[in-house]
Amino acid sequence: MRFMAVAVSLAMTAIACPATGGASTLTIPPSTALGMRIVVLHNQARSAAGVGPIYWDASLAAAADTYAGELAQTGRWGHSPPAARPGQGENLWMGTREAFSVDQMIGSWAGEGRWFKRGAFPDVSRTDNWEQVGHYSQMIWRGTTRVGCALRSSAGNDYLVCRYSPAGNDIGVSVP
């Protein structure tokens, strides 16, 4: 967590105080760049829905990494047991290894917004099937303030796991 905070701090300093007369030598580690992009993509969807921003959480990212590694290693597919992630929501994505960008991965969840309707969960889908909008509703859940994600790969697939806190998609709660 300390490394990520330092890297983000350095990146923000480099953006706010560019070097004069020379090229920057700052390199953002890929994991930090991935996390920053994931937050931006989530916050674009949240802003469009009229919801405040979400922030990166390294402990959620570590939990997501553990589970993403398990999925990649076993080839099993499905959500982790709720007891293994108390208070955390979870979005999963899987696709052909190195065939999709993080924008496409997160974009698939954000794209569920086309079927979304405001209402009390689970009555939030124009198709009457909340599972068609469940990733999106978690992304824009008003009470969720933190996200942490990890991307792991098997020989054939990439697995993206995002964990959210507090969890969303609570029965009877208005979305967004």
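1. Trp 130 is partly exposed, at 36% relative accessibility, where buried means under 20% relative accessible area, exposed over 50% and partly exposed in between, with a 1.4 Å probe and protein chains only. The model is a predicted one, in which local features need pLDDT of at least 70 and side-chain atom pairs count only at pLDDT 80 or more, while totals for chains, interfaces and linings use all residues. Residues are numbered from 1 along each chain as its sequence is written, and side-chain values use heavy atoms, with hydrogens and water left out.

2. The ring of Trp 130 pairs with that of Phe 121, and because the centres are 5.2 Å apart and the planes stand at 65 degrees, the pair is edge-to-face. Rings of Phe, Tyr and Trp (its six-membered ring) pair if their centres lie within 6.5 Å, with planes under 30 degrees apart counted as stacked, over 60 as edge-to-face and the rest as tilted. Phe 121 is buried, at 3% relative accessibility, and ring pairs link Phe 121, Trp 130 and Trp 141 into a cluster.

3. The structure holds 5 aromatic pairs, and one of them is the tilted pair of Trp 77 and Tyr 159, with 6.1 Å from centre to centre and 40 degrees between the planes. Trp 77 lies in the loop between α3 (58-74) and β2 (89-96) and Tyr 159 in strand β5, so this pair ties together parts that are 82 residues apart in sequence. Trp 77 is partly exposed, with a relative accessible area of 41%, whereas Tyr 159 is buried at 2%.

4. A further ring is that of Trp 115, over which the charged end of Arg 114 sits, 4.0 Å from the ring centre; the criterion is NZ of Lys or CZ of Arg within 6 Å of the ring centre and within 35 degrees of the ring normal.

5. The structure holds 1 disulfide, a term for a pair of cysteine sulfur atoms within 2.5 Å. Cys 149 is joined to Cys 162 with an S to S distance of 2.0 Å, and the link is right-handed, with 110 degrees about the S-S bond. Cys 149 lies in strand β4 (residues 146-153) and Cys 162 in strand β5 (residues 157-165), so the pair ties together parts that are 13 residues apart in sequence. Cys 149 is buried, at 6% relative accessible area, and Cys 162 is buried at 0%.

6. Cys 162 is also among the residues with the most contacts inside the largest nonpolar core, which has 26 residues, the others being Ile 106, Trp 109, Ile 140 and Leu 160. Such a core is a set of buried Ala, Val, Leu, Ile, Met, Phe, Trp, Tyr and Cys residues joined through side-chain atoms within 4.5 Å. Ile 106 touches residues including Ile 38, Leu 41, Met 139, Leu 160 and Cys 162, not counting residues up to four places away in sequence, where contact means heavy atoms within 4.5 Å. A second, separate core of 9 residues includes Ala 68, Leu 71, Leu 92 and Ala 150.

7. For the protein chain as a whole, the secondary structure comes to 5 helices and 6 strands, taken as DSSP runs numbered from the N terminus (helices H or I, at least four residues; strands E, at least two). Buried residues make up 40% of the 176 residues. Among contacts between residues at least 6 apart in sequence, 67% join residues at least 24 apart.
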